[in-house]
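Keep the structure in view as you read.

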Amino acid sequence: MSKFRTNFDFNRISKEIYQWFPGHMAKGLKKMYENLPNVDAVIEVHDARAPFTGRNLIFRQSVVGNKPYAYVLNKADLTDLKDKDRIISKLSKDGYSPIYFTNLRDSAEKTYRKILPDITSQIESQFRFNREL
């Protein structure tokens, strides 16, 4: 029976393999940034089971800018929401607001229906350079 590895030797990996992810992210951010003039609002969707991980911190600053914005935590039915207030507090402090917890599997859960009217309201209240709603 083989033993489990207790450490990982990063020197054995080729440079191209571990640079794939940052290059991939940079390419995606560049494409999004190029399309910003055509975007009225940004809705950022993440998994509610991991509300603080899996997000690119540069995204909020570089891509969203001052566009109307919503932070959606989907799959809320698969997580324990006892810490919901703490999650909202931390994310709000970090500049992620408004925050919505959604569950698209449950037809009785209607939080997702609030997102579009709220974003539309943000768009209407923002000064728009030569653009109509």
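**Layout and confidence**

Along the sequence, the elements run in the order α-β-α-β-α-β-α. That gives the chain four helices and three strands. Helices (H or I, at least four residues) and strands (E, at least two) are DSSP runs, numbered from the N terminus.

This is a predicted model, in which local features need pLDDT of at least 70 and side-chain atom pairs count only at pLDDT 80 or more, while totals for chains, interfaces and linings use all residues. Residues are numbered from 1 along each chain as its sequence is written, and side-chain values use heavy atoms, with hydrogens and water left out.

pLDDT is the predictor's confidence in each residue, from 0 to 100. The chain averages 80. A score of at least 70 is reached by 82% of the residues. Confidence is lowest in helix α1 (residues 15-35), with a mean of 72. It is highest in strand β3 (residues 99-101), at 93.

Of the 133 residues, 26% count as buried. Buried means under 20% relative accessible area, exposed over 50%, and partly exposed in between (1.4 Å probe, protein chains only). Now take contacts, meaning heavy atoms within 4.5 Å. Among those between residues at least 6 apart in sequence, 75% join residues at least 24 apart.

**The cores**

In soluble globular proteins, nonpolar side chains tend to be buried together. A nonpolar core here is a set of buried Ala, Val, Leu, Ile, Met, Phe, Trp, Tyr and Cys residues joined through side-chain atoms within 4.5 Å. The largest has 16 residues. F59, Y69, Y71, L73, L91, I99 and F101 touch the most other members. Two or more residues come from each of α2 (57-64), β2 (69-74), α3 (84-93) and β3.

Not counting residues up to four places away in sequence, L91 touches P51, F52, R55, Y71, L73, Y96 and I99. Apart from this core lies another, of six residues, including V72, Y100, I115 and I123.

E44 sits in strand β1 (residues 42-47). Is E44 buried or exposed? E44 counts as buried because its relative accessibility is 7%.

What does its side chain meet? Polar contacts are pairs of N or O atoms within 3.5 Å; within protein, one must be able to donate a hydrogen and the other to accept it, and residues adjacent in sequence count only if both atoms are side-chain atoms. The E44 side chain makes one with the side chain of H46, at 2.8 Å. Another, of 2.5 Å, joins the side chains of E44 and Y69. Beyond four places in sequence, E44 is in contact with R55, F59, Y69, A70, Y71, V72 and Y96.

E44 also lines the second largest pocket, together with M25, G28, L29, M32, H46, G54, R55, N56 and F59. α1 and β1 are the elements that give two or more residues to this lining. α1 gives the most, with four.

**R49 in the loop**

R49 lies in the loop between β1 and α2. R49 is partly exposed, because its relative accessible area is 43%. A polar contact of 2.5 Å joins the side chains of R49 and D47. Leaving aside residues up to four places away in sequence, R49 touches K75, L78 and T79. The C-alpha atoms of R49 and D77 are separated by 9.2 Å, and the two residues are 28 apart along the chain.

Terms used:
1 Å grid on protein atoms, 1.4 Å probe; cavity = no way out; pocket = protein on both sides within 12 Å on 5 of 7 lines; lining within 4 Å.
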